[in-house]
Amino acid sequence: MCGIAGHVGVPADEALIERLLGAHPGAAPAATALDGDAGLGARAARDDGGVGRLVTSRGGRFTLALDGEIYNRGALRADLEVLGHDFGVGSDAEVVLAAFTEWGTDGLDRLDGAFALVVWDRDARRMTLARDHFGVRPLYVAPAGDGWLVASEIRGILDSGHHDRRPDDRTIYRYLRFRVHDDGPATFFAGIERVGAGEVVTLGPDGLQRRPYTHLREELAELARTPRPYSRAVADEFRDLLRAAVRRRVPSTGRVGTALSGGIDSAAVAALVDAVEHEPGRPGAEPTHDAWSAVYPGSRNDEVAHVDAVLASLGDHVDAHRIEPTPTEFKKDLRDLVRTQEEPLVSTGAYTQYRVLREAADRDAVVLDGHGGDETLAGFGPHHLIHLRELRSRSAALAATELGHSLDVLYRRGRPVIGDRLHGRKDVPVTSLLAADFARAHSDEGYAVETSGLRARLLDDVFTGSLPARLRYTDKNARRFGVSVRTPFVDRELVRFVFGLGDDALVKDGMGKRVLRDAMRGLLPDSVVERRDKVGATTPQGEWFMRLKNHIYGEFLSESFANRPYVDQTAVLHAFEGWIKGTNSIDSMTVWRLLNLELWLQEFFDEREPDDEAEVEHVKTDYEPNARKQLDLVTADGTTVRRYPLRTDLFAREDDLEAKALGYVDRFFAGLPTAGADHAAATGGRWFFFISEKIVAISQGRSFFIWDIKVGRPARVLSRYVTRTPAGIGLGSPFTMQLAIEEAGLPRVLLASAGGAVGKVIGRRGLFYDLVGGDIRAIDGPTEYSVYPANVSAKLGPKDPDAVAAALSRAIRARVPEAYRDSFGGTVVMDANDIGRNVLGKDAPGSKERYELMFADNPLGQGSEQTPMAIVFEKPSA
């Protein structure tokens, strides 16, 4: 994919400095920083008319960088040759530059294509930026000192070294609150703005100025005022225009493919690609094209039958490629998807296309996509409601007839709301999930969905509310995999034709896209043409999130999420818990926005360790310390101890603790003779078996998934006043506080809370735990750094830990090699973290403090080490 990047200084002291950026296809161009000079860069890319995406006019006054393609290049070239222009290879870039030098910015309205361009005027010291009429290709601009940064990918600006990267709080608020983005110049990055669809931005001595170069939106609104009557001839003409739009986007050489879902938009594109490929004069003895489909068998989004029906209608000359993404694959790809998209998305739908284009990259094909059909042909559910409202204002009888045909569509749309009310699910406003200061700062923000009329809504969908976001994620996915994607429904002539039709050409008998359906009769199976249960190319998002709830909860539980100024972490955790249990009405779209925002902030703003997929994780042996820990420790009382952390499998509720623990003890002593001389010297003294209270509690059934804990209001309120530490959440979670209340009783917890508050004032820490009694201190909550299931669980302390220790000691003495039987000192049940140790139970001589000193540095680790037990030797004196 071709990219544009540059740093523009205005005024500049010297002439334009040109250079091609030698990045590989699909990579982000790095913005060019040129001290005091105007800079403009572009990558070379394939162009059917010849290479030359960066061209300079005769005399050197104008230099143009083009990202994209022009579909009417031939006609424009002919017009320009009549006016005296001559061309070299006649590339898109040459023709566009000639049009600009001939007609100025007025010439941009003559271009038909998907493009972003930058023109440098050396004499006027002015740079002109522009995007195509619909904004298919992106272009960004940001201030940088006395000039600007210009790039076709945001990363080009971020990596330039001339931009202070900060999130744009207003855009984040509107995204979380109203589910909108891509509807104006602002991006999610403060200071970085996009050039609008059909817009010219000039950068010059007078600063930055914006204006439209086209009046397409006004033209479409005017066409809608005098609609032509609908007939079969209209449908035939529409089919011819759509076929022409497909033809303009099918490359003259090379392979072509379609992104095929079970919806009529992509199916129509696939059928017409097939028809165009078989037109007389097309090269190739056996025309074939590829069809890529991402399907989700067995889900609510199961499109397999519809895809198969379309493929069967196209015949054997179509090479079908089926992808079946899974939630596990989605989780694996998620961070790359976030990185690829550069800004948060409204849904996970982009992942379907991400997977399709990743597969298409191997075939080096141009891919035609059905995006734009919903926005231009009234394919969304709200379009039906708006149409019904308009009919009612004109004729009650017409409205009643249409309503009768729309009941099934309206029912499917209203079913989630009806289900929420029937099941008593609590409504959770998005504002209740936002941080109070953040919500207050943006309380004046508003967003009104266009409902004044069907054509007004379609205009809004095309230019503001829906299509810009789809085109953005299409372009980002295409760049990621170096694939060219073209969208026939986003065609000026076709869109003009559609807006000149009446509403009955779009919505009829409860279904949208009437003219498309009529146009495709006989070319597509009736099951697709007459389909009423629209799904299309989207993921089974809700089902996947339920499968990935542990991972998602871990992100919401993270310290980074808790420290964001945008959300109330406790409220989000409560809402997510309710969504899992089905007790509230927040939907997967809200969950996605919260998750996507967090991952985006981590990716673009947090310091993160670089991923090294080539690195193979080292599995610790029994005779090595954990990372950043040590085997040996001299305790405060002068005893030298050697601690061997034992890596284990995860423990579960149904595990036999004794049998499983003995297996790891056997493994340790079996391998000890060959472990080395140092270990032989260190293991001659008295030894003890230490076991984490966590796995004791888990095996006793005292660990609970957070969504299985019914949290009451007292627990939610009290948990907010608990001081959290880096070592663990303690009772700072509503879930752990609820367990404390159930274990000790609410009156005692309230009394201890009051005492704890007094203790903070007088400087006496830990008074809460002294007053509440029992093993409340051993209650643990979910922590982001723990391995599953500890990262999504809360647990009580172990029951009868002394008895557990005694039972383990008896079993160890019966199994341990005879050479180590007499020196075995017993078992210790330990609750340890990086800031404290607490022996909960023991079957070993001496005080608890003695054994706590042996674990002063927490050798078992704080995170995902999976070493919940250790064998500890007191080293013999030399």
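Author: This is a predicted model, and its helices and strands are DSSP runs, numbered from the N terminus. With that naming, R628 is found in the loop between α24 (588–605) and β18 (632–634).

Reader: Is N858 buried or exposed, and what of R628?

Author: Buried means under 20% relative accessible area and exposed over 50%. N858 counts as buried because its relative accessibility is 1%, whereas R628, at 80%, counts as exposed.

Reader: In which order do the six strands of the open sheet run, and which strands stand at its edges?

Author: The order is β18-β19-β25-β20-β23-β24, with mixed pairing. β18 and β24 (836–843) stand at the edges, each with a single partner strand, so one side of each is left without a neighbour in the sheet. On average, neighbouring strands of this sheet are turned by 30° against each other, direction ignored.

Reader: How do β19 and β25 pair, and which helix packs on the sheet touching β19, β20 and β25?

Author: β19 (residues 640–646) pairs with β25 in the antiparallel sense over six bridges, and the bridge partner of R642 is F873 in β25. Helix α25 (residues 657–671) packs on the sheet, touching β19, β20 (687–692) and β25, and its direction makes about 50° with that of β25. Helix α32 (residues 801–815) packs on the sheet as well, touching β20, β23 (824–833) and β24, with its direction at about 135° to that of β23.

Note on methods:
Residues numbered from 1 in each chain as written. Predicted model: local features only at pLDDT ≥ 70, side-chain atom pairs only at ≥ 80, totals over all residues. Heavy atoms only, no water. Helix = DSSP H or I, 4+ residues; strand = E, 2+ residues; numbered from the N terminus. Buried < 20%, exposed > 50% of the residue type's maximum accessible area, 1.4 Å probe, protein only. Pairing = 2+ DSSP bridges. Axes fitted to C-alpha atoms, helices over the stretch in contact; angles between N-to-C directions. Contact = heavy atoms within 4.5 Å.
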